[in-house]
Amino acid sequence: MNQYQRGRAVEYLLIHKCRRAGYSAMRSAGSKGVFDVHYWNATESHYAQCALAGVKTKKDFEAMRNTPVPPKAQREMWEYQGRGKWKLTLFQRGKWKVTLV
């Protein structure tokens, strides 16, 4: 499996996780933009970048921070740790906050 296929597989894992939680979710075409996955419900909107753990760099986080999103939308970095575990980094009030999911 090449790097693109591994990345796409992680994106689909996140999409399925979001759908199981009751969100609508979609993958961006070709994942060429800053965000890979957009998921939402009636009251929330989330723009996510996702990858295998340790792949993303400070430059990726800066690109996400500087990309405009709609008001009240959430910017997120999801890093797959393996065995169903995720590291979620949220951009809140101008700072990145890390949690394990």
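View 1. The model is predicted, with local features needing pLDDT of at least 70 and side-chain atom pairs pLDDT 80 or more, while totals for chains, interfaces and linings use all residues. Residues are numbered from 1 along each chain as its sequence is written, and side-chain values use heavy atoms, leaving out hydrogens and water.

**View 2. The largest pocket holds about 300 Å³ of space.** Of its 16 lining residues, Q3, Y4, G7, C50 and K56 lie closest to the centre. A pocket is an open set of points on a 1 Å grid over the protein atoms alone, where a 1.4 Å probe fits, with protein on both sides within 12 Å along at least five of seven lines; lining residues have an atom within 4 Å of a point. The volume is the space filled by probe spheres set on the points, which are joined across faces, edges and corners.

**View 3. Helix α1 gives the most to this pocket lining, six residues.** Both α1 (3-20) and β3 (45-52) supply at least two. Helices (H or I, at least four residues) and strands (E, at least two) are DSSP runs, numbered from the N terminus.

**View 4. W78 touches L14, Y39 and V101, among others.** Residues up to four places away in sequence are not counted, and contact means heavy atoms within 4.5 Å. Other partners of W78 include W86 and L88.
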